[in-house]
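Welcome! Try each task before you read its solution.

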Number of protein chains: 2
Amino acid sequence: MAAPASQSPLTLIPLSEAELARLVGSGEDLLELACLDALFPTGKLLRPTLCIESARAVGGRAESVLSFAAGIECLHVASPVHDDIVDQDPMRRGRASTAERFGIAEALLAGDGLYTAGWVAMLHGSPADRVLQASQAVAEAMHAMCRSSMHETTIREDLSCGRSAVLKVIRGKTATLTGAACQAGAILAAATPGHAEALRQYGEVLGTALQIRDDLLPYTVHERITGKHAISDVANRQPTRPVLLAYESADDHDRRLLTRVFHGDTDPTRAHRDLLDVLTRTGAIAETTGQAQDCVTQARAALDGLPSTERLAQLADSTVDRHH
Amino acid sequence: MAAPASQSPLTLIPLSEAELARLVGSGEDLLELACLDALFPTGKLLRPTLCIESARAVGGRAESVLSFAAGIECLHVASPVHDDIVDQDPMRRGRASTAERFGIAEALLAGDGLYTAGWVAMLHGSPADRVLQASQAVAEAMHAMCRSSMHETTIREDLSCGRSAVLKVIRGKTATLTGAACQAGAILAAATPGHAEALRQYGEVLGTALQIRDDLLPYTVHERITGKHAISDVANRQPTRPVLLAYESADDHDRRLLTRVFHGDTDPTRAHRDLLDVLTRTGAIAETTGQAQDCVTQARAALDGLPSTERLAQLADSTVDRHH
């Protein structure tokens, strides 16, 4: 972790990891093995961290939301396990995807198993009214995620779909769940409705910032760091925000170039170089980076008036320094 | 419906259908369209019926558990939508499967969308403590379902896996959720723990009976009625209970014949005829039919001492007359 993040409570990571392992079992059958393989080594554990820190921000204790937070991570990890079946992407976080390691049928069931393990974990807390309300927030976010993923399948290869369509997909696929993770943590810690809503907003703009940064990664750092092929956006023919911004402000020559790349008519290495050229030339990279920074500013503003927000503020700041 | 079932409250079906349509939306986007296509025309709506009738059996009202009951149906329908991706089965209930009509990626998301719509519906009831307890029962059943489906992938083509392995899969894939549907209905209607447990047991043995009857369908009625190809068990190389019973009591010649069929070395029409011959010769069909009847007897026994069980008793009886 970079300097700002290192000031956040590192003990949360092993706590969350231990809880995740407790939730899905010790690998006694194929379902547990596939779930453990999908969960570990863990990623950044952003959603459980957001859930726990949101509870703390309104005076709650980490321990009392830990199981719920780990449950959200299970739901979150289930999505890419299923996405990799759809995208036929053999890599995830620098290693073989669950579909690649266990097979399509098994990955499908591992994703379902992570969903259900997540719900079992989330629903086993108390008091009942708060657990139920927090669970409702997460269920609605998950449904919005499905809707956005389905919407995404309809705009594949469509460079003229416009940035608002992509923004809607980004919000649904990423920001809604990070928002719900914060909101749920706040609700579980008996936050006022106003504080819970402020934390939901914080989580949503932070999620948007992180998604924008992920979209920029293929054009800013080496793929070894991202763990995904830098050219996977091209391979998936999925227009991202920087690509759409470039398309909107490109001249006819560059539009034709982008269209060729997204129709798969260019070899991958050349496609990536062409994309990078057009995105730099049109200022799309700089503009998208600016948008991520605006989101971080909004995230910090959402924290105004909350009791104890130091760690959440650090978390927001650290997103513009590096990917989380 | 056959005579016994016609005495059960037919008004439950349109009520449940209307609630399902309300839950998943009116088809305004691709997710809603795919979910509606998977749900309608509905099947037997067994799980919502069990949930509602279990609530009534302990003095509850249908209206107060309707949304929860419809939510369970969404979860239930999600599983075959995903299963058909795994099995590459183009047919479901006599028409094209969701995967066949909408594509693999879209079917995957439709299944996820049905799961999440189900959870949204189930979690939006009151009072919180009962909704939470009922939801826990359903979440645990769903997790058991995933575990069993994964287990099933490991016994594919394995005729020597033994009937206890298959029984465990049947219980996990079918009976656990029918049991939880009954248990949840009872909990929502403020049943005593003893009554909720009795209704869970009723639902489990009823689910087992229905699964056994489904396993027998390819050998007892024409595939036009089942809506699935009679030979799909063979095509999927999935040993069912009657097949395993036949294998256990078959002589060497018949065992070799079953093995050839399950290794896909026989053309489908001949495979089905060979299977039917061996299953009849070994008495496996008669024995399996007897087991289904035993389950119905157990289901009726589980109802002893409950306040109002006429409809649940009818439902149990009707399973041995025809498939539900």
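A residue counts as buried when its relative accessible area is under 20%. Keep that cut-off at hand, and remember that this is a predicted model.

**Exercise 1. Leu45 of chain B**

Task: Decide whether B:Leu45 is buried or exposed, and find where B:Leu45 sits in chain B.

Solution: 
- Step one is to locate the residue: B:Leu45 belongs to the loop between helix H3 (30-39) and helix H4 (46-57) of chain B.
- Step two is to apply the cut-off: the relative accessibility of B:Leu45 is 1%, so B:Leu45 counts as buried.
- Step three is to look at the backbone. Phi of B:Leu45 is near 50 degrees, which is positive although the residue is not glycine. Most residues other than glycine have a negative phi.

**Exercise 2. Leu45 of chain A**

Task: Now work out the phi value, the location and the burial of A:Leu45.

Solution: 
- Next, the location: A:Leu45 is in the loop between H3 and H4 of chain A.
- Finally, with a relative accessible area of 1%, A:Leu45 is buried.

**Exercise 3. Two cis peptide bonds**

Task: Find which residues are joined by a cis peptide bond at A:Pro41 and at B:Pro127.

Solution: 
- As background, most peptide bonds are trans.
- In chain A, the bond from A:Phe40 to A:Pro41 is cis, and its omega is near -10 degrees. A:Pro41 lies in the loop between helix H3 (30-39) and helix H4 (46-57) of chain A.
- In chain B, B:Ser126 and B:Pro127 are joined by a cis peptide bond with omega about 0 degrees. B:Pro127 lies in the loop between helix H7 (104-123) and helix H8 (128-154) of chain B.

**Exercise 4. The overall form of chain A**

Task: Describe how many helices and strands chain A has, and why it can be called as compact as a globular protein of its length.

Solution: 
- Start with the count: chain A holds 17 helices and two strands.
- Then compare the radius of gyration with the globule rule. The radius is 20 Å, close to the 20 Å that the rule gives for 324 residues, so chain A is as compact as a globular protein of that length.
- For the dimensions, the C-alpha trace of chain A spans about 60 × 50 × 35 Å along its principal axes.
- Of the 324 residues in chain A, 59% are buried.
- Look at the contacts between residues at least 6 apart in sequence: in chain A, 75% of them join residues at least 24 apart.
- As for the surface, chain A exposes about 12,700 Å², and 49% of that comes from carbon and sulfur atoms.

**Exercise 5. Two covered helices in chain A**

Task: Find out how many residues are buried in H13(A) and in H3(A), and what covers them.

Solution: 
- Begin with helix H13 (residues 241-249) of chain A: seven of its nine residues are buried, so H13(A) is largely enclosed by the rest of the structure. Among these buried residues are A:Arg241, A:Leu244 and A:Tyr247.
- The cover over the buried residues of H13(A) includes helix H9 (163-188), helix H10 (193-220) and helix H14 (252-262) of chain A.
- Turn to H3(A), where eight of the 10 residues are buried. They include A:Glu32, A:Cys35 and A:Asp37.
- The cover over the buried residues of H3(A) includes helix H2 (12-24) of chain A, together with H8 of chain B.

**Exercise 6. A helix pair in chain B**

Task: Determine how helix H10 (residues 193-220) and helix H13 (residues 241-249) of chain B pack.

Solution: 
- Two packed helices are described by the angle between their axes and the distance between the axes.
- For H10 and H13 of chain B, the angle is about 75 degrees and the axes are 8 Å apart. H10(B) and H13(B) are therefore roughly perpendicular to each other.
- At the contact, residues of H10(B) including B:Thr208, B:Ile212 and B:Tyr219 meet B:Arg241, B:Pro242 and B:Val243 in H13(B). By class, this contact has five nonpolar, one polar and two charged residues.

Technical notes: Residues numbered from 1 in each chain as written. Chains lettered and ligands numbered in written order. Predicted model: local features only at pLDDT ≥ 70, side-chain atom pairs only at ≥ 80, totals over all residues. Heavy atoms only, no water. Axes fitted to C-alpha atoms, helices over the stretch in contact; angles between N-to-C directions. Helix = DSSP H or I, 4+ residues; strand = E, 2+ residues; numbered from the N terminus. Parallel < 35°, antiparallel > 145°, perpendicular 65-115°, else oblique. Contact = heavy atoms within 4.5 Å. Nonpolar A, V, L, I, M, F, W, Y, C, P; charged D, E, K, R; others polar. Rg over C-alpha atoms; globule rule 2.2 N^0.38 Å. Buried < 20%, exposed > 50% of the residue type's maximum accessible area, 1.4 Å probe, protein only. Areas by Shrake-Rupley, 256 points an atom, 1.4 Å probe, with all protein chains shown as cover.
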